[in-house]
Amino acid sequence: RNDFVGSCINMAARIQMLSGARFAFNRRGFDFDENTNKFFKEMIVVRKVSIRGIGENELIGVRKSEFDEMTQEDKALYRNP
């Protein structure tokens, strides 16, 4: 069985554990404002989250429709940037 290691894999695994998010990505190293078309920007909300072992204020993108459907308890984990 293959085992994968590295910071991007750790980040992906930790984002995958966030409550309420089915589609999310790390903003680190990605200029969302400059490199994203208008359609994609309308589908994504950017929020700060605490990610264990990574940081307290990590920026991630979450699908807007999923964010809108989250419970208030789950939304509380995602802060405005």
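**Exercises on a predicted fold**

Along the sequence, the protein runs α-β-α-β-β-α-α. The model is predicted.

**Exercise 1.** State how many helices and strands the protein has, and how much of it is buried.

*Solution.* Start with the elements: there are four helices and three strands. Next, take burial: 32% of the 81 residues count as buried.

**Exercise 2.** Find the residues of the largest nonpolar core and the elements that supply them.

*Solution.* List the members. The core has 12 residues: M11, I15, L18, A21, V45, V49, I51, I60, V62, F67, M70 and Y78. Now assign elements. At least two residues come from each of α1 (7-16), β2 (44-51) and β3 (55-63). The largest share, three residues, belongs to β2. Finally, look at one member, M11. Beyond its neighbours within four places in sequence, M11 contacts N26, R28, I51, I54 and E58.

**Exercise 3.** Decide whether K75 is buried or exposed, and look for a salt-bridge partner.

*Solution.* Locate the residue first: K75 sits in helix α4, residues 72-75. K75 is buried. Check for opposite charge: the nearest such side chain is D68, 5.0 Å away. A salt bridge needs the nitrogen and a carboxyl oxygen within 4 Å. K75 therefore has none. Now list contacts, setting aside neighbours within four places in sequence: K75 touches F67, D68 and M70.

**Exercise 4.** Give the share of contacts that join residues at least 24 apart.

*Solution.* Count contacts between residues at least 6 apart in sequence; 51% of them join residues at least 24 apart.

Notes. Residues are numbered from 1 along each chain as its sequence is written. This is a predicted model: local features need pLDDT of at least 70, side-chain atom pairs count only at pLDDT 80 or more; totals for chains, interfaces and linings use all residues. Side-chain values use heavy atoms; hydrogens and water are left out. Buried means under 20% relative accessible area, exposed over 50%, partly exposed in between (1.4 Å probe, protein chains only). Contact means heavy atoms within 4.5 Å. Lys and Arg count as positive and Asp and Glu as negative; His and the chain ends are not counted. A nonpolar core is a set of buried Ala, Val, Leu, Ile, Met, Phe, Trp, Tyr and Cys residues joined through side-chain atoms within 4.5 Å.
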